[in-house]
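The notes follow the order in which I looked things up.

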Amino acid sequence: MSAALAGPALEQAAEWFALRQQGWSDGDQQRWHAWLQADADHADAWRRVETVWQSFAPLSAPAAATALDAAGRRRRRALRSLGGALGIGAVSLLGLHGLREQRGLQTQRTAAGHTGHWTLMDGSQLWLNADSEVTIDIGSGRRALHLLRGELLLQTGHHPAFAGQPLTVHVPGARLQPIGTRFAVGREAQGSRLDVFEGVVRCLPLFGASLDVPAGGAVQLGPMGGLSPVAADPLRGDWQEGRLQVQDTPLIRIIDELARHHQGYLGCDPALAALKVTAVLPRLDSLQALQLLARALPVRIEQRWPWWTIVRPL
């Protein structure tokens with residue numbers, strides 16, 4: 001199901017959350033608790049609304065310190081339980097910070113609403129989607145990229161000085177080894193996603209057998225290296241110039257894509273799920289894109305709270 005589909009449970013959760021923010025009574029809290037216990041979907045929707053709020057509202061200093069301390073404890077527990085497994089065949093992302101300091105590695109990052117483009121030492125062309133970060137480890141016998149967050153698009157280069165040195169892209173749980181190719185890989189909530197547009201990319205998971213993904217193929221990579229083929233998405237890897245060009249594409253898919261760069265929640269009324277659109281929209285400016293859609297389609301943009309926006313039928 002689309003992440004942007006604004007079903008009844010999700011909307012009810014947003015209503016309850018807004019009521020809590022405004023200050024609810026004991027009776028309100030009891031009714032919320034009864035609603036929460038009435039259906040497993042309600043609890044899932046509530047967690048999702050909390051996640052939206054956490055990404056929208058900056059943490060206070062005490063809350064941030066608590067969150068960082070908890071993250072540190074979780075990391076130490078994970079390292080103890082995994083032992084040396086994370087070092088198999090590659091530098092672990094968990095140890096990348098120290099490696100960057102030791103080698104003076106280059107890190108490139110983009111802010112929300114902006115993409116970036118670089119030509120690397122080996123001749124590869126690297127693009128970063130909005131709000132993304134990558135560490136580049138190329139030179140002195142090394143040729144690797146570590147995607148820390150967001151999404152990258154890579155067109156591999158063939159500089160003679162790097163002949164015979166395989167290029168690898170590291171994400172949690174796996175290494176990706178392109179074989180003369182153009183591909184995109186993005187970090188997601190539950191792992192990463194690879195889309196191959198030219199050539200072949202070899203997926204080398206932390207555990208399990210490798211998988212070669214050809215042009216036109218796509219695969220979901222779990223945080224521990226699980227590989228699951230998925231359907232190709234024509235909107236992936238087409239963001240270098242910040243345009244979202246669609247033809248006869250379901251509106252819900254467009255909203256899904258715009259939501260990746262939207263501050264807060266951006267959803268679509270299920271009644272509009274079948275509506276299809278042909279347009280060229282600004283991919284990185286969701287507010288402008290929504291205004292253009294509202295002018296051209298029988299839809300309206302509803303924003304009941306600053307952190308919650310839904311596209312509705314007229």
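Leaving aside neighbours within four places in sequence, with which residues is Thr181 in contact?

I first noted the basis of the work: the model is predicted, local features need pLDDT of at least 70, side-chain atom pairs count only at pLDDT 80 or more, and totals for chains, interfaces and linings use all residues. Residues are numbered from 1 along each chain as its sequence is written, and side-chain values use heavy atoms, with hydrogens and water left out.

Entry 1, Thr181. I found that Thr181 is in contact with Leu154, Gln155, Thr156, Val196, Glu198, Gly199, Val200 and Val201, its neighbours within four places in sequence being left aside; contact means heavy atoms within 4.5 Å. For Val200, 19 residues away along the chain, I recorded a C-alpha separation of 6.1 Å from Thr181. I located Thr181 in strand 8, residues 174-188. Helices (H or I, at least four residues) and strands (E, at least two) are DSSP runs, numbered from the N terminus. Buried means under 20% relative accessible area, exposed over 50%, and partly exposed in between, with a 1.4 Å probe and protein chains only.

I then turned to the charged side chains and found 22 salt bridges in the structure. The criterion is a side-chain nitrogen of Lys or Arg within 4 Å of a carboxyl oxygen of Asp or Glu.

One of them joins Glu11 and Arg312, with 2.4 Å from N to O. Because Glu11 belongs to helix 1 (residues 8-22) and Arg312 to strand 17 (residues 308-313), this pair ties together parts 301 residues apart in sequence. Arg312 has 12% relative accessibility and counts as buried.

I next looked up Asp44 and Arg47, whose side chains form a salt bridge of 2.2 Å, N to O. Both residues lie in helix 3 (residues 40-56), 3 residues apart, and are therefore separated by about one helical turn. I noted Asp44 as partly exposed at 42% and Arg47 as partly exposed at 47%.

Which residue forms a salt bridge with Glu257? I found Arg253, the closest N and O atoms being 3.2 Å apart. Glu257 is buried, at 1% relative accessible area. I also recorded that salt bridges with shared partners join Glu151, Glu188, Arg193, Asp195, Asp233, Arg236, Arg253, Glu257, Arg260 and Arg283 into one network.
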